[in-house]
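Q: Can we walk through this model together? Start with whatever sheet you like, then we'll move on.

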Amino acid sequence: MDECVKNYYQGIYLTETILGNPNGDFIDNSPRNIDGNVFTTDKCIKYNVRKYIHENHEVIKEEKKKFSIKDFVFFYPRRSKDNKDYESKFQSKEKIFEKYFSKDFDLLIDSATDIRMFGGTFSFDKKNFEKVENVGAKQIYGPIQISYGKDINEAQIKRLQIGAPFSTTKEDQQTTTGSEAVVDDAIISYDITINPNNYPNLLKKSDLDLFKRSLWYGTNLRKSTSKKTDSKLLLLIKFKTNEENGKFKTINIGELKELISIKNKDERKKNVINSSQKTGNEQKIEIDTTELENKLEDYSEFIEKIIIYRFENEVTINLSKLNENNNLKGNIEFIKPTTLLKEE
């Protein structure tokens with residue numbers, strides 16, 4: 001039987017986008033920014049996770065008009081039956097709920113991994129479910145929450161001119177031009193919290209393993225001409241658990257994403273665009289953890305373990321101060337992200 005997550009976690013997730021768009025806005029698909037300072041929403045990361053699960057883990061089998069389902073992704077666009085390959089027609093959430101789960105909300109929760117991770121807001125049309133007891137307006141505040149991301153590398157937005165592929169004049173000359181916007185080099189930092197008290201006994205340990213794998217490799221799969229992002233670091237702080245009256249005592253030590261900085265920011269900016277001509281340490285991200293270590297040292301007695309996923313040849317992170325702390329000595333673990341692919 002799959003155990004539920006009982007520990008509270010906080011963490012930092014770091015991504016990098018070079019000459020791409022980490023998260024476009026709805027006006028002209030420019031990188032989201034406030035006065036030129038690049039940021040991203042949590043939804044773009046959750047979409048990466050959902051897409052990865054949908055494409056790699058979701059199993060739907062139909063036998064005698066009943067479905068056997070594993071790792072279903074509910075908040076994901078599903079094409080309509082009459083949808084042609086070049087069309088974008090999608091099913092409503094009511095139709096999906098009725099088709100796969102026979103209007104049983106408890107079955108939906110048991111089957112949908114993304115709901116167990118992130119929760120969701122449900123407002124099914126009541127007239128379609130008048131005789132169903134456990135359906136109506138519902139909101140589940142999911143155990144896993146991801147903050148907006150903030151660039152910590154002083155990325156610059158670059159606007160590029162592009163031409164249309166078709167002629168637009170009587171003389172058959174190509175005169176229509178457009179533009180697209182990318183960042184030169186954005187390193188985006190996110191806060192992650194995992195709080196089992198948001199919905200007790202909802203998030204399973206296998207869900208947490210799948211979340212980490214989908215976060216890292218689902219983000220890496222986001223590749224197109226304008227959109228490309230790579231995972232660089234996932235740092236998770238696992239706090240000691242203490243159960244009392246069916247609740248787990250939790251402690252939140254505040255936002256962490258701005259407690260790290262890039263040591264070699266200027267040097268990397270000179271080298272990263274001409275990456276094809278560089279080898280070795282010129283492209284490595286060197287992370288300054290001074291402020292983070294000071295914060296974690298204050299709370300060291302409440303921390304069970306610190307787990308860090310990163311490739312050593314891409315990211316340098318030194319937690320020497322914490323390694324000398326009596327409460328944390330031997331409890332800081334560096335792991336290659338490839339191990340995430342082996343966790344089943």
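A: An open sheet of three strands runs in the order β15-β16-β18, with mixed pairing. Its edge strands are β15 (261–262) and β18 (315–317), each pairing on one side only. Strands are DSSP E runs of at least two residues, helices are H or I runs of at least four, and both are numbered from the N terminus. Two strands pair if DSSP finds at least two bridges between them.

Q: What kind of model is this, and how are residues numbered?
A: The model is predicted; local features need pLDDT of at least 70, side-chain atom pairs count only at pLDDT 80 or more, and totals for chains, interfaces and linings use all residues. Residues are numbered from 1 along each chain as its sequence is written, and side-chain values use heavy atoms, leaving out hydrogens and water.

Q: How many bridges join β15 to β16?
A: Two, and the strands run antiparallel; β16 covers residues 285–288. Ser261 has Asp288 in β16 as its bridge partner.

Q: Switching to helix α6. Which residues are buried there?
A: In α6 (residues 265–272), they are Lys265, Arg268, Asn271 and Val272. Seen down the axis, these buried residues fall within an arc of 135°, so they line one face of the helix. The arc is that of the directions from the helix axis to the C-beta atoms. Buried means under 20% relative accessible area, exposed over 50%, and partly exposed in between, with a 1.4 Å probe and protein chains only.

Q: And which exposed residues are on the face turned away?
A: Asp266 and Lys270.

Q: Now backbone. What is phi at Leu19?
A: Near 45°, a positive value in a residue other than glycine. Leu19 sits in strand β1 (residues 9–20). Leu19 counts as partly exposed because its relative accessibility is 40%.
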